[in-house]
Amino acid sequence: MYRGLSVIAMAPVLDEERKIGDVVRRTPRDVVDKLLVIDDGCTDRSPDVARELGADILDMGRTVGVGAALRAGYNLARLEGFDVAVVMAGNNKDTPEQIPALLDPIADGRADFVQGSRYLAGPGAHFGEMPLYRKLATRLHPLLFSLAARRRVTDSTNGFRALRTSILDDPRLRLDQQWLDEYELEPYLYLKLMRLGYRTTEVPVTKVYPPKELGQTKMKPVTGWWSILRPLVYVGLGIKR
């Protein structure tokens, strides 16, 4: 429990056995009641490493996509009655020690959804070996997102976030749509919540990219970025709900 809230933290993972152990070890277990690693079709020892360190494993059976994996995690969070679900990266780019910062606005009754923003961390923020194209893209996306949401945000592609699970019962959130199976689900959920009038806020967090030789992302530059732009186009123009 954290300030009276039961908390599940979830990390989707696809072949990150060199990194998932640090994610599990760094997660504050006095804050998080359940740490769920979602196995999105791993072919390495990622699930075994996480399990040996005390994480629960949700096995998707095959690679279904990060959006579908998170949807399964959200469904489990609701089924098991957790008050808050935290999402973080399975490749150790986020800072699990900062989970309380995501939870505080919810515990204070100020927010239903809390988005971590690497760009609120100040001018001295260190992103590690973040590729140039991602620096540009992660600056451009919030501008387009803000236009679609009709409200300014500073970081709309960061997957480090927390939400009150009760909002997932809103039938206007259609997370089961197949087109949300990849990277679309996260910006879709954020955008829809803002448009539906839920209380959202940003808090400063850090996101550090590892050296290129350790593997930085599974996202492909063209198809991956269209995936996170698509909700802005579809929902913004009313093509999809």
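What percentage of the 241 residues in the protein chain is made up of buried residues? In this predicted model, buried residues account for 56% of the chain.

**View 1. Overall architecture of the protein chain in the predicted model.** The protein chain contains 7 helices and 7 strands, which follow the pattern β-α-β-α-β-α-β-α-β-α-β-α-β-α along the sequence. Its radius of gyration is 17 Å, close to the 18 Å that the globule rule gives for 241 residues, so the protein chain is as compact as a globular protein of that length. Along the principal axes, the C-alpha atoms fill a box of roughly 45 × 40 × 40 Å. Among contacts with a separation of 6 or more, 78% are between residues 24 or more positions apart. The protein chain exposes about 10,700 Å², and carbon and sulfur atoms supply 52% of this area.

**View 2. The contact of helix H3 with helix H6.** The axes of H3 (residues 66-79) and H6 (residues 185-195) come within 9 Å and cross at roughly 55°. From H3, the residues in contact are Gly-67, Leu-70, Arg-71 and Tyr-74; their partners in H6 are Leu-185, Glu-186 and Leu-189. By class, the contact comprises 4 nonpolar, 1 polar and 2 charged residues. The spacing of residues along a helix gives a context for such contacts. An α-helix has 3.6 residues a turn, so residues three or four places apart point the same way.

**View 3. Helix H4 and the strands that its buried residues pack against.** Helix H4 spans residues 99-107, and its buried residues are Ile-99, Pro-100, Leu-102, Leu-103, Pro-105 and Ile-106. These buried residues pack against five elements: strand E1 (7-13), strand E4 (84-87), strand E5 (113-117), strand E6 and strand E7 (200-204). Just after H4, Gly-109 adopts a positive phi of about 80°.

**View 4. Asp-169 in the loop between strand E6 and helix H6.** Strand E6 covers residues 161-164, and Asp-169 is placed in the loop between this strand and H6. Asp-169 has a relative accessible area of 51% and is therefore exposed, as the cut-off for exposed residues is over 50%. Asp-169 and Leu-144 are separated by 25 residues in sequence and by 27 Å in space, taken from C-alpha to C-alpha.

Terms used. Residues are numbered from 1 along each chain as its sequence is written. This is a predicted model: local features need pLDDT of at least 70, side-chain atom pairs count only at pLDDT 80 or more; totals for chains, interfaces and linings use all residues. Side-chain values use heavy atoms; hydrogens and water are left out. Axes are lines fitted to C-alpha atoms, for helices over the stretch in contact, and angles run from 0 to 180 degrees between N-to-C directions. Helices (H or I, at least four residues) and strands (E, at least two) are DSSP runs, numbered from the N terminus. Contact means heavy atoms within 4.5 Å. Ala, Val, Leu, Ile, Met, Phe, Trp, Tyr, Cys and Pro count as nonpolar, Asp, Glu, Lys and Arg as charged, and the others, Gly among them, as polar. The radius of gyration is taken over C-alpha atoms; the globule rule is 2.2 Å times the number of residues to the power 0.38. Buried means under 20% relative accessible area, exposed over 50%, partly exposed in between (1.4 Å probe, protein chains only). Accessible areas come from the Shrake-Rupley method with a 1.4 Å probe; for residues, only the protein chains shown count as cover.
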